[in-house]
Every structure is written in structure tokens, then in C-alpha cells.
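Trainee: Could you walk me through this one? I'd like to ask as I look.

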Amino acid sequence: MSGVVVSLMAGLIAIAGFVFDGSRLIAARAEVNDHAANAARAAAQEIIDVRLGTERIDPEQGVSVAMRYLHGHALTGVVRIDGLRAAVTIQRRVSMTLLSLVGIDSRTVSVTRSVVVVDE
């Protein structure tokens with residue numbers, strides 16, 4: 001009988017861990033997603049060569065502005081500028097609380113958001 005109780009408790013802790021830590025992962029992903037999109041939009045504001053008809057995002061300034069945004073929010077990431085496209089990738093490690101009891105210490109959330117400047 002005690003084996004059944006121990007197994008049942010272990011199962012309940014695992015389920016609670018999936019719910020609690022799973023919700024933390026979802027919240028972290030949403031937050032990182034927002035920051036990646038904001039950093040990409042900030043980079044996309046650095047348009048050059050409009051009068052020449054060959055507008056593009058200034059690679060140096062775009063990366064600089066996006067990285068400044070990320071650092072201002074205590075984040076690190078990778079910024080890529082390609083013509084009129086700015087992409088930002090952020091990874092965040094999330095420590096598990098309850099799931100660490102069953103051997104899952106952390107998970108990494110990774111998000112890439114991009115912005116394409118459109119001239120209409």
C-alpha cells in the first residue's frame with residue numbers, strides 16, 4: 001500500500017511541476033518574444049539611402065540600436081540585418097522549480113522575430 005502512495009505522490013508532484021514550470025516557460029517565451037519583436041522594430045527604424053531609391057536598414061546602426069534595446073532589458077541576443085529585413089534572436093534559460101525534483105533543472109526558450117520594412 002505504501003508503494004502505491006509513494007508512486008501516486010511522485011505522479012502528482014510531476015503533474016504539478018508540468019503545470020507550474022510549464023506556465024513559467026510560456027510566460028518567459030511570451031516576454032522574450034515581445035522583446036525580440038521590439039528590438040527588431042527598433043533596428044528597422046535605421047533606414048538609409050531613401051533618396052537614392054535603394055533604401056535599406058543601416059547594418060551598423062540597426063545592430064547597435066537593437067543591441068542597446070536588449071542590453072537595456074538585461075537580455076543578450078543576435079541581430080541580423082539584410083537589406084530591409086531585421087531579425088533578432090534571443091535565448092533565455094529558465095530554471096525549473098518543481099521539475100527539478102524529478103531531474104529537469106532548466107529549459108531554454110529561444111525566439112526569433114523579424115521585421116521587413118515595406119515602402120508603399
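Trainee: Leaving aside its neighbours within four places in sequence, what is T89 in contact with?
Mentor: T89 is in contact with T76, G77, V78, R80, S110, V111 and T112 once those neighbours are set aside. Contact here means heavy atoms within 4.5 Å. Before we go on: this is a predicted model, in which local features need pLDDT of at least 70 and side-chain atom pairs count only at pLDDT 80 or more, while totals for chains, interfaces and linings use all residues. Residues are numbered from 1 along each chain as its sequence is written, and side-chain values use heavy atoms, with hydrogens and water left out.

Trainee: Good to know. Where is T89 found, and is T89 buried or exposed?
Mentor: T89 is found in strand β4. Helices (H or I, at least four residues) and strands (E, at least two) are DSSP runs, numbered from the N terminus. T89 counts as buried because its relative accessibility is 16%; buried means under 20% relative accessible area, exposed over 50%, and partly exposed in between, with a 1.4 Å probe and protein chains only.

Trainee: Which side chain has a polar contact with the side chain of T89?
Mentor: That is T112, at 2.7 Å. A polar contact is a pair of N or O atoms within 3.5 Å; within protein, one must be able to donate a hydrogen and the other to accept it, and residues adjacent in sequence count only if both atoms are side-chain atoms.

Trainee: Let's zoom out to the sheet. What is the order of the strands?
Mentor: The order is β3-β4-β5, three strands in an open sheet with antiparallel pairing. Two strands pair if DSSP finds at least two bridges between them. β3 and β5 (106-116) each have a single partner strand, so they stand at the edges with one side left without a neighbour in the sheet. From one strand to the next, the twist averages 15°. For angles like that, axes are lines fitted to C-alpha atoms, for helices over the stretch in contact, and angles run from 0 to 180 degrees between N-to-C directions.

Trainee: And which strands does α1 touch?
Mentor: α1 packs on the sheet and touches β3, β4 and β5, its direction making about 30° with that of β5. α2 lies across β3 and β4, and runs at about 155° to β3.

Trainee: How many bridges link β3 and β4?
Mentor: Six bridges, in the antiparallel sense, between β3 (residues 77-82) and β4 (residues 85-95). G77 stands opposite I90 in β4, and D82 stands opposite R85. The two strands form a hairpin with two residues between them, and G83 in the turn has a positive phi of about 65°.

Trainee: Which residues other than glycine have a positive phi?
Mentor: D49 is one of them, with phi near 60°, and A74 is another, near 55°. D49 lies in the loop between β1 and β2 and is partly exposed at 26% relative accessibility. A74 is found in the loop between α2 and β3, exposed with a relative accessible area of 71%.

Trainee: Back to the helices. At what angle do the axes of α1 and α2 cross?
Mentor: Roughly 145°, with the axes of α1 (residues 2-44) and α2 (residues 59-72) coming within 8 Å. The crossing is right-handed: a crossing is left-handed if the near helix is turned anticlockwise from the far one by less than a right angle, and right-handed if clockwise.

Trainee: Which residues meet there?
Mentor: H35, N38, A39, A42 and A43 in α1 meet G62, V65, A66, Y69 and L70 in α2. Those residues divide into seven nonpolar, three polar and no charged. Ala, Val, Leu, Ile, Met, Phe, Trp, Tyr, Cys and Pro count as nonpolar, Asp, Glu, Lys and Arg as charged, and the others, Gly among them, as polar.

Trainee: Is H35 buried or exposed?
Mentor: H35 is buried, at 13% relative accessibility. Not counting residues up to four places away in sequence, H35 touches Y69, L70, H73, L75 and I90.

Trainee: Last one: how far apart in space are R51 and L8?
Mentor: They are 70 Å apart, C-alpha to C-alpha, and 43 residues apart in sequence. R51 sits in the loop between β1 (47-48) and β2 (56-57) and is exposed, with a relative accessible area of 86%. Now look at I13 in helix α1: I13 and L101 are 88 residues apart along the chain, with their C-alpha atoms separated by 8.4 Å.
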